[in-house]
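Visitor: Hello! Could you walk me through this structure and tell me what the words for its parts mean?
Guide: Gladly, let us look together.

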Amino acid sequence: MDNNGDIYVSDYKKPEVRRWGEENTHGTIVADGNGLGDIFNKSYPIINLFVDQDHSVYVVDTRNERVMKWTKDAKEAIVVAGRHGQGDNLRQLFNPNGLFVDQQGNIYVADAWNHRIIRWSKGSEEGTIIVGGNGEGLEPNQLNRPSSLSFDRQGNLYVADSLNHRVQKFNVMSD
């Protein structure tokens, strides 16, 4: 949902995001909608999305191992995280899922099969591991397929640690 109260919905069967407003009964395509693929105006089924204060739509393109940003009224997206195929170096993702973008434009991604949360600073070519990245496991510094994340008003990060069947809280603002 954006700051105007519009709701954004991704369609798993058709890679598109529609914005629904109070007076818009059919929805308006605001991201993708160009069919399946791996070029900048196409993706595969969208698992997660985030809308920032400028109404840019960020989508997790899991199959292409990347996060795409669709600015308002854009015909093509830009890759803002990932972009170098499947892997575990700081320029790559492996089955990205959860997504959050802070007010400074930093992008946080639940990098599921790398068992980590990784942050891309605005304009960065590679990410920084902020939680996990120590292999899958049950220890407090380990995750096992994180699937979702969010922040509270105090800057605490909450991670849905799927295969450990827990939600973990981390203070990452001091990092």
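Guide: Two strands pair if DSSP finds at least two bridges between them, and strands are themselves DSSP runs (E, at least two residues), numbered from the N terminus. This is a predicted model, where local features need pLDDT of at least 70, side-chain atom pairs count only at pLDDT 80 or more, and totals for chains, interfaces and linings use all residues. Residues are numbered from 1 along each chain as its sequence is written, and side-chain values use heavy atoms, with hydrogens and water left out.

Visitor: How do you know that strand 13 and strand 14 pair?
Guide: Six bridges join strand 13 (residues 156–161) to strand 14, and pairing asks for at least two. The two strands run antiparallel, and Y158 stands opposite K169 in strand 14.

Visitor: What makes strand 12 and strand 14 edge strands?
Guide: The open sheet has three strands in the order 12-13-14, with antiparallel pairing. Strand 12 (146–151) and strand 14 (166–171) each have a single partner strand, so one side of each is left without a neighbour in the sheet.

Visitor: What makes a residue part of the lining of the second largest pocket?
Guide: A pocket is an open set of points on a 1 Å grid over the protein atoms alone, where a 1.4 Å probe fits, with protein on both sides within 12 Å along at least five of seven lines; lining residues have an atom within 4 Å of a point. Here 21 residues meet that rule, and Y58, K69, G105, I107 and K122 are the closest to the centre. Strand 7 (residues 78–82) gives the largest share, three residues.

Methods: Helices (H or I, at least four residues) and strands (E, at least two) are DSSP runs, numbered from the N terminus.
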